[in-house]
Amino acid sequence: MKNPFCFRGPAAKRTPMADWCVFCDIAGRAPGSTTALLYSDDKVVAFQDINPSAFRHYLVIPIEHIPTVNDLRITNEDHQLVSHMVKVGKDLLGRDAPGSEEHRFGFHQPPFNSIDHLHLHCLALPFIPSWKQVKYTPLGPLGGFIDAEKLLEKIKPQAEAEANS
């Protein structure tokens with residue numbers, strides 16, 4: 001039986017797609033995948049979380065297999081990818097939850113990520129039930145959840161950071 005999650009180890013590296021990853025199956029529109037896509041382009045796909053924690057809870061994933069936020073580098077390419085993921089998430093929530101007063105966008109960091117394929121959580125609050133907000137809270141040096149804007153600052157190339165200051 002195929003492991004439904006990306007597995008850790010030497011094979012968990014950046015690749016166009018990995019056939020052993022549930023998110024790669026979704027991104028590649030594998031024949032067995034029944035996930036309805038809310039958005040797709042040549043870089044990312046978006047879909048509803050199967051276990052939603054908020055009024056609206058979407059995931060935006062890159063088509064390229066990137067295991068976790070720790071595999072992102074300080075490059076224009078990675079910064080643009082994460083920026084694009086956030087834009088897609090904001091557009092979807094703007095369309096599907098226009099009355100929501102608060103949105104949250106971010107990533108779980110190892111060891112708190114459930115699947116080793118980078119995925120942006122796009123949440124239109126409130127949390128349902130309210131205790132689920134704990135899963136989407138930064139834990140300081142322990143990691144936990146990192147806000148998408150903070151991640152973008154971390155991976156912003158130096159030349160771009162200097163130009164914007």
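Trainee: Where is R29 found in this predicted model?
Mentor: Good place to start! Helix α1 covers 22-27 and strand β1 covers 37-40. R29 is found in the loop between α1 and β1.

Trainee: How many helices and strands does the protein have, and in what pattern do they follow one another?
Mentor: The protein has four helices and six strands. Now walk along the sequence with me and note each element as it comes. The pattern reads α-β-β-β-α-β-β-β-α-α.

Trainee: Is I61 buried or exposed?
Mentor: I61 lies in strand β3. Residues under 20% relative accessible area count as buried. I61 has a relative accessible area of 0%, so I61 is buried.

Trainee: Which residues is I61 in contact with, leaving aside its neighbours within four places in sequence?
Mentor: Let's go along the chain. Among the partners are F23 and A27, and also M85. Residue C24 is 37 residues from I61 along the chain, and their C-alpha atoms are separated by 9.0 Å.

Trainee: What separation do the C-alpha atoms of D71 and L118 have?
Mentor: D71 sits in the loop between β3 and α2, and at 22% relative accessibility D71 counts as partly exposed. D71 and L118 are 47 residues apart along the chain. Their C-alpha atoms are separated by 8.9 Å.

Trainee: What is the reach of α2 from its first C-alpha to its last?
Mentor: Helix α2 runs over residues 76-96, and has 21 residues. At 1.5 Å a residue, the expected span is 30 Å. The model comes close to that, with a reach of 30 Å.

Trainee: How are α2 and α3 arranged, roughly parallel or roughly antiparallel?
Mentor: Two packed helices are described by the angle between their axes and the distance between the axes. The axes of α2 and α3 come within 9 Å and cross at roughly 165 degrees. An angle over 145 degrees counts as roughly antiparallel. That makes the arrangement of α2 and α3 roughly antiparallel.

Trainee: Which residues meet where α2 passes α3, and how many fall in each class?
Mentor: The crossing of α2 past α3 is left-handed. From α2 come D78, H79, V82, S83, V86 and K90, and they meet A148, E149, L151, L152 and I155 in α3. By class, this contact has six nonpolar, two polar and three charged residues.

Trainee: Which residues does the cis peptide bond with omega near 5 degrees join?
Mentor: Look at the loop between β4 and β5, where P111 is found. A cis bond with omega about -15 degrees joins I128 and P129, and P129 is in the loop between β5 and β6. The cis bond with omega near 5 degrees runs from P110 to P111.

Definitions and conventions:
Residues are numbered from 1 along each chain as its sequence is written. This is a predicted model: local features need pLDDT of at least 70, side-chain atom pairs count only at pLDDT 80 or more; totals for chains, interfaces and linings use all residues. Side-chain values use heavy atoms; hydrogens and water are left out. Axes are lines fitted to C-alpha atoms, for helices over the stretch in contact, and angles run from 0 to 180 degrees between N-to-C directions. Helices (H or I, at least four residues) and strands (E, at least two) are DSSP runs, numbered from the N terminus. Angles under 35 degrees count as roughly parallel, over 145 as roughly antiparallel, 65 to 115 as roughly perpendicular and the rest as oblique. A crossing is left-handed if the near helix is turned anticlockwise from the far one by less than a right angle, and right-handed if clockwise. Contact means heavy atoms within 4.5 Å. Ala, Val, Leu, Ile, Met, Phe, Trp, Tyr, Cys and Pro count as nonpolar, Asp, Glu, Lys and Arg as charged, and the others, Gly among them, as polar. The expected span of a helix is 1.5 Å times one less than its number of residues. Buried means under 20% relative accessible area, exposed over 50%, partly exposed in between (1.4 Å probe, protein chains only).
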